[in-house]
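Keep the model open beside you as you read.

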Amino acid sequence: MKNPSEDQEAPAVEPTAGQAPSAPEAAPAPRSAHPAPSAHDEQQGTRNRVARSILDHGPSTAAELALRLELTQAAVRRHLDALAAEGVVEPREKRVYGARGRGRPAKAFALTDCGRDAFDQAYDQLATDALRWIAQSAGGGAMGEAAVAAFARARLAAQAVGYREAVEAAEPEARTQALAEALTADGYAATARSAPNPQLGEQLCQHHCPVAHVAEQYPQLCEAETEVFSRLLGTHVQRLATIAHGDGVCTTFIPKAGAGKAAHRTGEHTTKTTTASASTAGRNPA
């Protein structure tokens, strides 16, 4: 039996002589301040719910997830397959307590390390708390700041072992680039480029800083990094800007050998640029 509303169609318009029949105009779609999410967004949102449920409840089977999320098991399995392909979850054999029934045990899906990292972690807060404890244990004040600086130098010294190998294996003119590539491998998204005046030197730019939030409170981390760059490249370097201070990029100036004469020729212009850069960085670059 038909629904009466199905028969209530708009009356057809009879074409007049000499006119081709035209298709009826579609009613304008109502405007919405919030456009409907795409199918891709909806799928991604459901996958995030699946991953979050595993985070909250531990390794889970497709049946358990379907029950918690009110989805079909087939839909959950599709999302689990996609998450597994992305390296977010991995299947494990579900541990059975007591008598084991017939058939294969159901697979439980657990988050990988990569999957856990996708959720908020309190690493920044943990690092800040650790540095605060170091400072307080050293007596606070100047002694506390010195203790944090010592920690920062020790951390960077261990990190710089691989950087040194990369720099020393490169030709002198390619060492800044070699350092940038080594930093990129550690997640700093670094590049090397000519300074505004190429005769004076180069700029090492780090477009990402994994410790930026911690370095806002403890600039000793940035200072220790600058010292390491200077030792690795065998020259005095100057930190012009830092992400921790609110700049878009961490920028370090590396002078070319013999750039002192060129700097002298530029005279007052160089002095003004250096002073402004030091102010932008928020610390004494000496």
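Predicted model: local features only at pLDDT ≥ 70, side-chain atom pairs only at ≥ 80, totals over all residues.

Residues are numbered from 1 along each chain as its sequence is written, and side-chain values use heavy atoms, with hydrogens and water left out.

Start with the protein chain as a whole. It contains 11 helices and six strands; here helices (H or I, at least four residues) and strands (E, at least two) are DSSP runs, numbered from the N terminus. Of its 286 residues, 33% are buried, where buried means under 20% relative accessible area, exposed over 50%, and partly exposed in between (1.4 Å probe, protein chains only). A contact means heavy atoms within 4.5 Å. Among contacts with a separation of 6 or more, 51% join residues 24 or more positions apart. The accessible surface comes to about 18,900 Å², and carbon and sulfur atoms account for 54% of that area. Accessible areas come from the Shrake-Rupley method with a 1.4 Å probe; for residues, only the protein chains shown count as cover.

Now look inside. A search of the whole structure turns up one cavity of 30 Å³ or more. A cavity is a set of points, on a 1 Å grid over the protein atoms alone, where a 1.4 Å probe fits but cannot get out, and its lining residues have an atom within 4 Å of a point. Grid points are joined across faces, edges and corners, and the volume is the space filled by probe spheres set on the points. The largest cavity has a volume of about 70 Å³. Its lining includes Arg155, Tyr188, Cys209, Cys222, Glu225 and Cys250. Helix H6 (141-168) and helix H9 (220-233) each provide at least two lining residues, and H9 gives the most, with three. By class, the lining has seven nonpolar, no polar and three charged residues (Ala, Val, Leu, Ile, Met, Phe, Trp, Tyr, Cys and Pro count as nonpolar, Asp, Glu, Lys and Arg as charged, and the others, Gly among them, as polar).

For Cys222, the nearest cysteine sulfur is that of Cys250, 6.1 Å away. Cys222 is buried, at 7% relative accessibility, whereas Cys114 is partly exposed at 48%.

Next, visit Ala212 in helix H8 (residues 212-215). Ala212 is buried, with 9% relative accessibility. Leaving aside residues up to four places away in sequence, Ala212 touches Ile243 and Ala244. Its C-alpha is 9.3 Å from that of Gly246, 34 residues away in sequence.

Finally, check two backbone angles. Most residues other than glycine have a negative phi. Glu70, in the loop between helix H2 (62-69) and helix H3 (73-85), has a positive phi near 60°. Glu70 is exposed, at 74%. Ala189 also has a positive phi, about 45°, and lies in the loop between helix H7 (175-185) and strand E3 (190-194). Ala189 is partly exposed, with 34% relative accessibility.

Conventions:
Disulfide = S-S within 2.5 Å. 1 Å grid on protein atoms, 1.4 Å probe; cavity = no way out; pocket = protein on both sides within 12 Å on 5 of 7 lines; lining within 4 Å.
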